[in-house]
Amino acid sequence: MKAYLTRRYWFSASHRLHCADMTEAENKEAYGKCNNPHGHGHNYAVEVTVAGQVDARTGMVCNLADLDRFVHEKIVQRFDLENLNTLSEFQQVVPTTENLCMELYGILENGFTHAQVEKVRVEETMLNSFEYAGGREARH
Amino acid sequence: MVYLTRKAEFSASHSYNNPEFTPEENQRIFGKCNNPHGHGHNYTLEVTVKGQVDGRSGFVVDLKQLKDIMNREVIEVLDHRFLNKEIAEFTNIIPTTENLAIDIWKRLQTKLKTAELHRVRVYETPDLFVDYFGEA
């Protein structure tokens with residue numbers, strides 16, 4: 001039987017939303033306070049959903065310890081207490097939470113082998129969140 | 001189609017162990033969850049049903065009926081129990097959150113008369129939950 005396991009993680013990081021292809025006025029118009037040149041930070045909550053058949057021997061979709069280890073090594077340690085704009089991932093794309101969400105999905109999709117990656121959901125604040133399911137409709 | 005979700009809470013203990021594994025394998029795979037004395041959680045259950053809104057009542061489902069079914073079929077059965085020892089379904093199945101979500105789906109599915117079960121979500125902690133949609 002197929003089940004969906006979701007785990008929440010946290011990291012804190014700063015970013016500045018600024019597009020080099022836009023004029024100063026366009027950047028201000030598009031990003032408002034988020035265009036502040038000194039950046040600003042968030043406590044990001046990341047929900048990772050993996051899916052698969054429940055293993056008859058373990059009762060698990062995948063071992064939570066494997067998922068925790070992967071996310072801590074590849075995501076939390078990579079992004080926690082960093083300025084996203086300084087990272088290689090965001091040299092060509094603006095570190096909006098949309099792009100962050102897709103980036104995190106890609107890291108999981110390309111590296112996590114113990115279960116199918118279904119969806120990544122990122123809460124930028126308690127009031128807004130973003131989901132990416134690899135281009136598929138997100139299952140709710 | 002409208003989706004309605006009702007929450008409930010129960011507290012229970014469990015232990016993860018597969019007798020077909022060696023003690024070392026059980027320890028390696030299940031870690032601290034392998035403690036034979038068990039450990040407990042405050043589980044939060046979310047049950048989502050779906051259906052057309054009734055033209056006269058304006059309901060997808062009578063919430064009182066849903067609440068009563070959830071209480072009778074799930075909460076009264078599982079609350080304050082050691083799942084491995086007291087729930088027959090978990091005699092030979094490890095009461096992981098995955099299996100708990102599937103078990104709760106089975107308990108509810110045949111009892112719901114007026115709406116279709118869409119999703120059972122079981123939170124083991126606020127940071128860990130499992131969804132089951134009735135898929136094979």
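This is a predicted model: local features need pLDDT of at least 70, side-chain atom pairs count only at pLDDT 80 or more; totals for chains, interfaces and linings use all residues.
Entry 1, the interface. I looked up the buried area first: chain A and chain B bury about 2000 Å² between them, with 56% of that on carbon and sulfur atoms. Buried area here is the accessible area (1.4 Å probe) that two parts lose on being put together, summed over both. In chain A, the residues that lose the most area to chain B are Met1(A), Tyr4(A) and Arg57(A), together 25% of what that side buries. The contact (heavy atoms within 4.5 Å) takes 22 residues from chain A and 23 residues from chain B.

Residues are numbered from 1 along each chain as its sequence is written, chains are lettered from A and ligands numbered from 1 in the order in which they are written, and side-chain values use heavy atoms, with hydrogens and water left out.

Entry 3, chain A as a whole. I found three helices and five strands in chain A, taken as DSSP runs numbered from the N terminus (helices H or I, at least four residues; strands E, at least two). From the N terminus on, their order is β-α-β-α-β-α-β-β. The C-alpha atoms of chain A fill a box of roughly 60 × 30 × 25 Å along the principal axes. Of its 140 residues, 48% count as buried; buried means under 20% relative accessible area, exposed over 50%, and partly exposed in between (1.4 Å probe, protein chains only). Among contacts in chain A between residues at least 6 apart in sequence, 66% join residues at least 24 apart.

Entry 4, strand S5 of chain B. I checked which strands pair with S5(B), where pairing needs at least two DSSP bridges. Strand S1 (residues 2-15) of chain A pairs with S5(B) in the antiparallel sense over four bridges, and Tyr4(A) stands opposite Asp131(B). Strand S4 (residues 116-125) of chain B also pairs with S5(B) in the antiparallel sense, over five bridges, with Thr125(B) opposite Leu128(B). A hairpin joins S4(B) to S5(B) through two residues. Five of the five residues of S5(B) are buried, so the strand is largely enclosed by the rest of the structure. Leu128(B), Val130(B) and Tyr132(B) point one way from S5(B), and Phe129(B) and Asp131(B) point the other way. In a regular strand the side chains alternate between the two faces of the sheet.

I counted rings of Phe, Tyr and Trp (its six-membered ring) as a pair if their centres lie within 6.5 Å; planes under 30 degrees apart are stacked, over 60 edge-to-face, and the rest tilted. The count comes to 10 aromatic pairs over all chains. Tyr105(A) and Tyr132(A) are edge-to-face, 5.2 Å centre to centre with 85 degrees between the planes. Tyr105(A) lies in helix H3 (residues 97-111) and Tyr132(A) in strand S5 (residues 128-132) of chain A, 27 residues apart. Tyr105(A) is buried at 6% relative accessible area, whereas Tyr132(A) is partly exposed at 24%. In chain B, Trp105(B) and Tyr132(B) form an edge-to-face pair at 5.5 Å and 80 degrees. Both Trp105(B) and Tyr132(B) are buried. Ring pairs also link Phe11(A), Tyr44(A) and Phe79(A) into a cluster.
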